[in-house]
Amino acid sequence: MISFGNRWDEILQDAMRAPSFVHLQTFLDEEYAQGTVFPPREDLFNALRYTDYDDVKAVILGQDPYHGEGQAHGLAFSVRRGVPTPPSLQNIYKELQTDLGCAIPSHGELTEWARQGVLLLNTVLTVRSGQPNSHKGKGWEPFTDSVIRALDAREKPMVFLLWGGNARAKLPLIQEMNHLALAAPHPSPLSAYQGFFGCRHFSKANAFLEQNGIPPIDWQIHD
């Protein structure tokens, strides 16, 4: 039985009993047995384990995990210390520097954000090695829809940062007026210049949180 060790266990119990999720687990058993899948299975739900339901201040929603060896560890856009910072995260750091003056760190681990209430979630939580979007449409989307709906139902305001087409497809799920939804192209080098650079999502998120009496996020990642 999957356990997150926090309130997500209760909130997502119906989602984890759904036929689509049961079928997904069977599919993943086969995928992990037959080839290389990222992230490692023990890291699959780190986003939900690191950031409890009641603690979420902001959701950064991406596409699917990094598909290179040693990169994905269950937090969207993050890599562990010692792993070279991927191009998408380099672009996130560049936008942070432009937006808030944050210094660009020497590593790509974003657990500092997760511990502050930033849910680093992808729309799809697994990927085959070297094959981006290879697990799209296999059952993750109904599950991550359930996560977004549960957050949208929460009264306490939060910010949704939706980066890329797959993430922006979740926009109709965010219906409560007490939340803020911000959408932009994916920070990948293929699309960052189409509107991710200059989106100023980080300062907008903090301004919204402060307007609602919520302490802002310290976006600076420390070395």
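P19 sits in helix α3, which covers residues 19-34. With a relative accessibility of 58%, P19 counts as exposed, because the cut-off for that class is over 50%. Now look across to N122. P19 and N122 are 103 residues apart in sequence, and their C-alpha atoms are 21 Å apart in space. Keep in mind that this is a predicted model.

Step back to the whole fold. The protein contains nine helices and six strands. The C-alpha trace spans about 45 × 40 × 30 Å along its principal axes. For 223 residues, a compact globule would have a radius of gyration near 17 Å. The protein has 16 Å, which agrees. Of the 223 residues, 54% are buried. Contacts can also be sorted by distance along the chain. Among contacts with a separation of 6 or more, 68% join residues 24 or more positions apart.

Side chains of opposite charge can pair when their charged atoms come close. A search of the whole structure finds seven salt bridges.

Start with D14 and R17. Their side chains meet in a salt bridge, with 3.8 Å from N to O. Both residues belong to helix α2, which runs over residues 13-17. They are three residues apart in that helix, so about one helical turn separates them. D14 and R17 are both exposed.

Next comes R80 with D43. The closest N and O atoms of this salt bridge are 3.3 Å apart. The pair links distant parts of the chain, 37 residues apart. R80 lies in the loop between β2 (58-62) and α5 (87-100). D43 lies in the loop between β1 (37-38) and α4 (46-50). How exposed are the two partners? R80 is partly exposed, at a relative accessible area of 31%. D43, at 11% relative accessibility, counts as buried because it falls under the 20% cut-off.

K170 is in the loop between α8 (165-168) and β6 (180-184), while D145 is in helix α7 (residues 140-152), so the pair ties together parts 25 residues apart in sequence. Are K170 and D145 buried or exposed? Both are buried.

Last, check the backbone. A cis peptide bond joins F38 and P39, with omega at about -5°. P39 is in the loop between β1 and α4.

Two residues call for a look at phi. N133 is not a glycine, yet its phi is positive, at about 65°. N133 lies in the loop between β4 (127-128) and α7. Its relative accessible area is 29%, so N133 is partly exposed. R200 also has a positive phi, near 55°, and R200 is a residue other than glycine. The loop between β6 and α9 (201-211) holds R200. At 37% relative accessibility, R200 counts as partly exposed.

Methods. Residues numbered from 1 in each chain as written. Predicted model: local features only at pLDDT ≥ 70, side-chain atom pairs only at ≥ 80, totals over all residues. Heavy atoms only, no water. Helix = DSSP H or I, 4+ residues; strand = E, 2+ residues; numbered from the N terminus. Rg over C-alpha atoms; globule rule 2.2 N^0.38 Å. Buried < 20%, exposed > 50% of the residue type's maximum accessible area, 1.4 Å probe, protein only. Contact = heavy atoms within 4.5 Å. Salt bridge = Lys/Arg side-chain N within 4 Å of Asp/Glu carboxyl O.
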